[in-house]
Amino acid sequence: MRPLVVIGFLGSTLDAAKFGPSRWNKWRPTVGLAMHEDLRVDRLILIHGTAHRRLAEFVSEDVMSVSPETSVEMRLLDFRDPWDFEEVYGKLLDFARAEPFDPEAEDYLVHITTGTHVAQICLFLLTEARYLPGRLLQTQPQRGSLNPAGIWNTIDLDLSRYDSIATRFAVASAESTSFLKSGIDTRNAAFNRMIDEIERVALRSKAPILLMGPTGAGKSLLARRIYELKRLKHQVAGPFVEVNCATLKGDGAMSALFGHRKGAFTGAVADRPGLLRAADKGMLFLDEIGELGLDEQAMILRAIEDKRFLPVGSDKEAASEFQLIAGTNRDLGEAVAAGGFRDDLYARLNLWTFQLPGLAERREDIEPNLDYELDRYAEREGERASFNKEARQRYLAFATAPDARWPGNFRDLAASVTRMATLSPKGRIDLECVDAEIARLRRLWVGQTSDSLGVLGELLDPHAVAGIDPFDQVQLAEVIRTCRNSRSLSEAGRTLLPPREHVAAPRMTPTGYENI
């Protein structure tokens, strides 16, 4: 067995006793540690203050008298105010860092029965954070008995070892991830893994979160669900403020985000608090953050890091404590390289980045989302619509087919379900209704396919598409469509560049060129 080391405070009240035989009839927590046959203490690190040095020596002598194999090591630690959490935690942290702990050679128990409540809490936190590499030890007197040893038990902070607690945590985690998915039983393994990670990050971190993905992939809905989950867990108290940065242009962007003082510019007839201040104690969702100007980006960065910013026309800073979620359908890394996005802001946002897949990448999730959209329609309109069996099969066969593009992603699906539910007779979506909707979607998609923006817009932002020559847009869109419809790059290459008959190279003759 490895040596056992116990770390604990001297109990200035509980460990005190009159000198004489009567003291052995009293339960004294520190002395009692050494009186258990089933708890062999090889070293006792006893923390005490200068004012209680004599009591510490007295208790040490009693410990060694009942357990000669126990070595008592006294540690002097004085506090100006033993109820000052910051001071107590700081000095105990310094103590823990200075001790030459060797978990490979020794086992450790942290005694949390003695000391002030503040000291006990600090010992708990330091043990949980592994600064003190051991388990918690609790002792107490034995009821109905004069046993001076009392009773003891340990607490292992590795909650995974407690089956009932681990089971409850697993259930709670599953409920949280289901909440983030709006209760939809998604079947895409990669998406489910991503939501599991978002759930852990959302509940354990206040750092910014960056949601990337095409338009209609559900960034706004997921951001709101993250906020609602944190509110349920009492981690935010303020509101959810959503901003579409693409609508913030020119001088109005600064005013909308950071507020302004009355008279700051023409038309500023009153003070305006701004959206950042409106999100105080809550969550700010900056959708399409890549559309912000560089000046706004600089102020957003400072607001994230310092929680302070300067309203337009003001000489006094404002403060707002908010968590940021940013959304974009642009590649911010490319925007940084092109000089359109600040690299320091991108680095701050890039700690937790999640790429939301489009609907075409989650075809197995179309069916559960179909039911979800029907439920949303019923809640919104007050009447329920449903498919008959044949109509449902027909629609799902079309929706999950490889050539179903879904350029608008889940927004397209939601609009499609709304149309069918609205046009269905008596709330029953039949084959005729489904066939009409399929024809409508195909017409829409064909129109978008003929326009290169339909394909290129899924991969590039509108500014990038506008910078491509119109003739090149058509060619590039055709290349993309061919690659998507091919099983390999080789097949796409053969389609785009079919082999041609060999034509001999011309040669120079005295009278000109002549074919061989």
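How many residues does helix α13 have, and how far does α13 reach from its first C-alpha to its last? I get 16 residues (366-381) and 22 Å, close to the 22 Å expected at 1.5 Å a residue. That expected span is 1.5 Å times one less than the number of residues. Helices here are DSSP runs (H or I, at least four residues), strands are E runs of at least two, and both are numbered from the N terminus.

Housekeeping: this is a predicted model, where local features need pLDDT of at least 70 and side-chain atom pairs count only at pLDDT 80 or more, while totals for chains, interfaces and linings use all residues. Residues are numbered from 1 along each chain as its sequence is written, and side-chain values use heavy atoms, with hydrogens and water left out.

**Entry: α13 with α15**

Two packed helices are described by the angle between their axes and the distance between the axes. For α13 and α15 I noted about 55 degrees and 9 Å. The axes are lines fitted to C-alpha atoms over the stretch in contact, with angles from 0 to 180 degrees between N-to-C directions. Contact means heavy atoms within 4.5 Å. On the α13 side I listed residues including Leu370, Glu373 and Arg380, and they meet a set in α15 including Phe410, Val417 and Thr422. The contact residues divide into nine nonpolar, three polar and two charged.

**Entry: α6 with α7**

At what angle do the axes of α6 and α7 cross? I read roughly 45 degrees, with the axes of α6 (189-204) and α7 coming within 10 Å. The pair is therefore oblique. From α6, Ile195, Ile198, Glu199, Ala202 and Leu203 make the contact, with Leu222, Ile226, Leu229 and Lys230 from α7.

**Entry: α2**

Helix α2 (53-66) has 14 residues and reaches 20 Å, close to the 20 Å expected. I found Phe58, Val59 and Asp62 among its buried residues. The buried residues of α2 pack against α1 (29-33), β2 (43-48) and β3 (71-76).

How values were computed
Angles under 35 degrees count as roughly parallel, over 145 as roughly antiparallel, 65 to 115 as roughly perpendicular and the rest as oblique. Ala, Val, Leu, Ile, Met, Phe, Trp, Tyr, Cys and Pro count as nonpolar, Asp, Glu, Lys and Arg as charged, and the others, Gly among them, as polar. Buried means under 20% relative accessible area, exposed over 50%, partly exposed in between (1.4 Å probe, protein chains only).
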